[in-house]
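Take a look at the chain below. This report covers its aromatic rings, a patch on its surface and one of its helices.

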Amino acid sequence: MRILGVRFKNLNSLTGEWHIDFTHPAYTSDGIFAITGPTGAGKTTILDAVCLGLYGRTPRLDRVTKSSNEIMSRQAGECFAEVTFETQKGRFRCHWSQHRARKRSEGELQQARHEIADIDSGAVLESKVAQVNELVEKV
């Protein structure tokens with residue numbers, strides 16, 4: 001698997017929308033790069049976004065549920081993580097999201113959504129939360 005890009009919004013202390021394009025020459029020219037920065041800069045949040053986008057959970061938080069979401073930024077009404085990647089089977093986009101009622105910070109958490117789509121055709125291959133992980137591992 002080769003990760004092509006990561007987009008995320010309102011995860012941990014990184015509020016707002018963020019995008020990292022791993023196909024940019026700054027990442028591809030030398031063949032290797034490191035994610036560095038001071039404590040609290042967002043290094044782990046980038047890894048959390050990759051895990052959420054692909055698997056709907058993170059190693060340190062396990063599952064994000066309707067009753068518990070410790071990864072959404074405080075005072076935020078919505079969050080998402082999206083990963084684009086390619087394998088020998090094609091190019092795919094995995095998108096995970098969760099929001100609060102009316103997307104207000106004081107609203108009740110709603111059920112998370114998770115899907116995987118084929119980038120080239122745009123077809124959603126799976127949108128059942130329990131089945132997306134299996135398809136990600138398969139492709």
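## Buried or exposed

A residue counts as buried when its relative accessible area is under 20%, and as exposed when that area is over 50%. Anything in between is partly exposed. Phe92 has a relative accessible area of 3%, so Phe92 is buried. Keep in mind that this is a predicted model.

## Aromatic pairs

How many aromatic pairs does the structure hold? There are four. One of them joins Phe22 and Phe33. This pair is stacked, with 5.4 Å from centre to centre and 15° between the planes. It links distant parts of the chain. Phe22 sits in the loop between β2 (14-21) and α1 (25-28). Phe33 sits in the loop between α1 and α2. The two are eleven residues apart. Their surroundings can be read from their accessible areas. Phe22 is buried, because its relative accessible area is 12%, under the 20% cut-off. Phe33 is partly exposed, at 40%.

Phe85 and Phe92 form another aromatic pair. Here the rings are tilted: the centres are 5.6 Å apart and the planes are 35° apart. Phe85 has a relative accessible area of 0%, so Phe85 is buried.

## A nonpolar patch

Which residues make the nonpolar surface patch of about 270 Å²? They are Phe33, Ile35 and Leu47. Leu47 belongs to helix α2 (residues 43-55). Leu47 has a relative accessible area of 49%, so Leu47 is partly exposed.

Helix α3 covers residues 129-138. Its buried residues are Val132, Asn133, Leu135 and Val136. Seen down the axis of α3, these fall within an arc of 165°, so they line one face of the helix. An α-helix has 3.6 residues a turn, so residues three or four places apart point the same way.

Which exposed residues does the face turned away from the buried side carry? They are Ala130, Glu134, Glu137 and Lys138. The buried residues of α3 are covered by several elements, including α2, β3 (57-58), β6 (90-99), β7 (113-118) and β8 (124-126).

Definitions and conventions: Residues numbered from 1 in each chain as written. Predicted model: local features only at pLDDT ≥ 70, side-chain atom pairs only at ≥ 80, totals over all residues. Heavy atoms only, no water. Patch = residues over 30% accessible without salt bridge, like charges linked within 9 Å, V, L, I, M, F, W, Y side chains within 5 Å. Areas by Shrake-Rupley, 256 points an atom, 1.4 Å probe, with all protein chains shown as cover. Salt bridge = Lys/Arg side-chain N within 4 Å of Asp/Glu carboxyl O. Helix = DSSP H or I, 4+ residues; strand = E, 2+ residues; numbered from the N terminus. Buried < 20%, exposed > 50% of the residue type's maximum accessible area, 1.4 Å probe, protein only. Arc of directions from axis to C-beta. Contact = heavy atoms within 4.5 Å. Phe/Tyr/Trp six-rings, centres within 6.5 Å; stacked < 30°, edge-to-face > 60°.
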